[in-house]
Amino acid sequence: MTFLQSIILGIVQGITEFLPISSSAHLVLVPFFFNWNLDEQVVFPFDVLVQLGTLLAVIIYFWKDIWQILTGCWKALLTRSLKDNEPARLGLLVVLATVPAGVFGVLIKDQMEAAFHSALAVGIFLLITALLLFLAEWLGKCTRNLSKLTWLDAIIIGLAQTLAIFPGVSRSGSTISAGMLRNIERPAAARFSFLMSIPIFVAAGVLSIGDLIEIPNLSSFLPILAVGFIASAVVGYLSIHWLLSFLNKHSFKGFATYCTILGLITIGVYAIR
């Protein structure tokens with residue numbers, strides 16, 4: 001992997017992580033379409049660790065929310081009550097929603113890595129993302145805000161996040177769609193989805209450390225990783241800001257159409273090759 005490839009993939013990661021079009025799909029398809037012959041031993045840990053750049057972006061963007069959640073949880077521990085403590089309640093819901101994907105990810109880690117090398121799998125899963133987005137727009141009433149989020153909502157959204165373990169199923173797309181199908185407003189569902197990403201990104205980064213250590217000539221690879229990390233962090237921050245503004249007035253139908261077209265193109269190119 002070259003510095004230019006790392007920068008391009010970092011930018012792609014930053015743009016697509018928070019837009020509901022699957023960052024994992026694009027990290028597979030960019031090398032696929034440009035015929036980049038990347039070392040498979042470094043592809044998966046690079047893809048996971050470059051997500052830490054977008055983790056930094058979401059932490060910086062939502063630092064006020066995160067601080068309120070942490071202080072709210074501390075207050076709840078002292079008082080042993082969640083009464084009139086919305087930040088602590090939201091924090092517990094985020095943790096609850098994170099559990100299913102964490103457990104599922106550990107159980108199928110090897111199969112997940114294999115899927116990261118399959119353009120055909122990505123094309124199929126992109127169509128699944130498109131279907132989820134269309135269903136959310138057709139069936140979701142979008143009448144509830146985050147203060148109305150329930151334990152059942154969090155569990156359902158968390159189960160939807162397990163689908164995003166497969167490249168091509170957008171994490172933000174699946175979780176926001178699940179929230180909308182539970183009649184959560186688009187911006188509120190997106191906000192909860194982004195907060196959910198923090199613990200899952202941290203866990204994915206920790207799990208990838210072993211793979212990273214096994215990379216030959218790791219010291220020479222670290223500068224390339226750093227470039228991708230910075231690119232994904234900067235672009236990821238801008239993507240969050242843009243999407244939250246976009247969702248105040250627009251639907252996900254355009255993103256669903258994009259995933260459908262890209263999925264079909266990917267399957268078609270794979271069949272031709």
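Tutor: What follows covers ring pairs and a helix contact in this predicted model.

Student: How many aromatic pairs are there?
Tutor: Ring centres must lie within 6.5 Å to pair. By this rule the count is twelve.

Student: How are the rings of F32 and F33 arranged: stacked, tilted or edge-to-face?
Tutor: Their centres are 5.4 Å apart, and the planes make 55 degrees. Stacked needs under 30 degrees and edge-to-face over 60.

Student: Is F32 buried or exposed?
Tutor: The relative accessible area of F32 is 18%. The cut-off for buried is under 20%. Therefore F32 is buried.

Student: And what is the arrangement of Y61 and F62?
Tutor: Their centres are 5.1 Å apart, with 70 degrees between the planes. Angles over 60 count as edge-to-face. So this pair is edge-to-face.

Student: Which residues make up the cluster that ring pairs link with Y61 and F62?
Tutor: Ring pairs join Y61 and F62 to others in a cluster.

Student: How is helix α2 oriented to helix α13?
Tutor: Helix α2 spans residues 23-33 and helix α13 residues 253-272. Their axes come within 12 Å and cross at roughly 45 degrees. That angle lies between the 35 and 65 degree limits, so α2 is oblique to α13.

Student: Which α2 residues meet α13?
Tutor: On the α13 side, the partners include Y258, L262 and Y270. From α2 come H26, L29, F32 and F33.

Key: Residues numbered from 1 in each chain as written. Predicted model: local features only at pLDDT ≥ 70, side-chain atom pairs only at ≥ 80, totals over all residues. Heavy atoms only, no water. Phe/Tyr/Trp six-rings, centres within 6.5 Å; stacked < 30°, edge-to-face > 60°. Buried < 20%, exposed > 50% of the residue type's maximum accessible area, 1.4 Å probe, protein only. Axes fitted to C-alpha atoms, helices over the stretch in contact; angles between N-to-C directions. Helix = DSSP H or I, 4+ residues; strand = E, 2+ residues; numbered from the N terminus. Parallel < 35°, antiparallel > 145°, perpendicular 65-115°, else oblique. Contact = heavy atoms within 4.5 Å.
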